[in-house]
Amino acid sequence: MLLLCVLLSTALSPRTEAGEIIGGQEAKPHSRPYMVYLQYFKEKSYKLARCGGFLIQKDVVMTAAHCHGSMMNVTLGAHNIRQKEESQQMIPVRRAIPHPNYNKEHRCNDIMLLKLNSNTKMTKEVKPLTLPGPRNKLRPGQVCSAAGWGRMDPRGKRAVKLQEVELEVQADEKCESKFRDPYNPDTQLCVGDPKEKKATFKGDSGGPLVCKNVAQGIVSYGKKDGSSPRVFTKISSFMPWIKSTLRKM
């Protein structure tokens, strides 16, 4: 079955971890009105954690399943997450729905929907992002973009203002050789030119890969040194589950 995880004899390499922006630049304030800043407490350690996400309808946010935790809250309409901007809307998460076949060990089916406690107010700083349709196909060489408030280098501090970076979609073979068994071309995307020091990394997990104003991927994982390419969840593969889940929310 397409979305079932393959049983593997080895786990993700200890040298892999989730998203942050490397080699990018500060985004124009509120130029990405769909971006969401997610805060939650980890389920076992109870430590405060952060992820990205994006609004797909007035009361639903999409993010990565590995960003699941307790007391989840989202901030929309933000540019500087350290300031209380008038455009910001902070809303608790009523219900988190990770994909039923998400495998924490191998990070496959890494997608989750968040039902918000109330509707967002649609403004010029807060708007949903379009999901892929059957005609929105991705090909190697296509240039897309990602954004987030993660670290700007593997050892640096987290960004306070939203950062963005352009990334090139790679052939699946580049991630199959780099990550071996955990990479699944049916449900994942290989993104980022290995010759360039541009990447997502820790702190941007759950944020979207945007291609021609359409959300095609979700920041999932990559090597701990911040090198490219990195792995994104392929949203188009999950559209039947997304549509079915939205109808039941």
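**Burial, packing and a cavity in a predicted model**

User: At 64% relative accessibility, does M71 count as buried or exposed, and which class applies?

Analyst: In this predicted model, the relative accessibility of M71 is 64%. The cut-off for the exposed class is over 50% relative accessible area, and therefore M71 counts as exposed.

User: Where is M71 found, and what is its phi?

Analyst: M71 belongs to strand β6, which covers residues 70-76. M71 is not a glycine, and yet its phi is positive, with a value of about 50°.

User: What is the place of H30, and what is its phi near?

Analyst: H30 sits in the loop between β2 and β3, where it is partly exposed with a relative accessible area of 26%. H30 is a residue other than glycine, and its phi is positive, with a value near 65°.

User: How many cavities of 30 Å³ or more are there, and how much space lies in the largest cavity?

Analyst: Rolling a probe the size of a water molecule over the atoms shows where empty space is left. In this model the count comes to one cavity of 30 Å³ or more. The space in the largest cavity is about 50 Å³.

User: Which residues line the largest cavity, and how many of the lining residues are charged?

Analyst: The lining of the largest cavity is made up of H30, R32, P33, M35, G77, A78, H79, E125 and L162. Sorted by class, this lining has four nonpolar residues and three polar ones, and its charged residues number two.

User: The side chain of R32 meets which residue in a salt bridge?

Analyst: R32, one of the residues that line the largest cavity, takes part in a salt bridge with an N to O distance of 3.0 Å, and its partner in that bridge is E164. This pair links distant parts of the chain, with R32 in the loop between β2 (25-26) and β3 (35-41) and its partner, 132 residues apart, in strand β10 (residues 163-168). Both R32 and its partner are buried, and that partner is E164.

User: How many salt bridges are there, and which residue does the side chain of K115 meet?

Analyst: The count comes to two salt bridges, and in one of them the N to O distance between K115 and D59 is 2.5 Å. K115 lies in strand β8 (residues 112-116) and D59 in the loop between β4 (48-57) and β5 (60-63), so that the pair, 56 residues apart, links distant parts of the chain. The cut-off for burial is under 20% relative accessible area; therefore K115 counts as buried at 15%, and D59 is buried at 10%. The salt bridges number two, and the residue that K115 meets is D59.

User: Which elements do the buried residues of α2 pack against?

Analyst: In helix α2 (residues 239-248), the residues M239, W241, I242 and T245 are buried. Seen down the helix axis, these buried residues fall within an arc of 160°, so they line one face of α2. The face turned away from that buried side carries the exposed residues P240, R247 and K248. The buried residues of α2 pack against β5, β7 (89-98) and β8.

User: Which residues does a cis peptide bond join?

Analyst: Most peptide bonds are trans. In the loop between β13 (214-223) and β14 (230-234) lies P229. A cis peptide bond, with omega of about 0°, joins S228 and P229.

Note on methods:
Residues numbered from 1 in each chain as written. Predicted model: local features only at pLDDT ≥ 70, side-chain atom pairs only at ≥ 80, totals over all residues. Heavy atoms only, no water. 1 Å grid on protein atoms, 1.4 Å probe; cavity = no way out; pocket = protein on both sides within 12 Å on 5 of 7 lines; lining within 4 Å. Points joined across faces, edges and corners; volume = space filled by probe spheres on them. Nonpolar A, V, L, I, M, F, W, Y, C, P; charged D, E, K, R; others polar. Salt bridge = Lys/Arg side-chain N within 4 Å of Asp/Glu carboxyl O. Helix = DSSP H or I, 4+ residues; strand = E, 2+ residues; numbered from the N terminus. Buried < 20%, exposed > 50% of the residue type's maximum accessible area, 1.4 Å probe, protein only. Arc of directions from axis to C-beta. Contact = heavy atoms within 4.5 Å.
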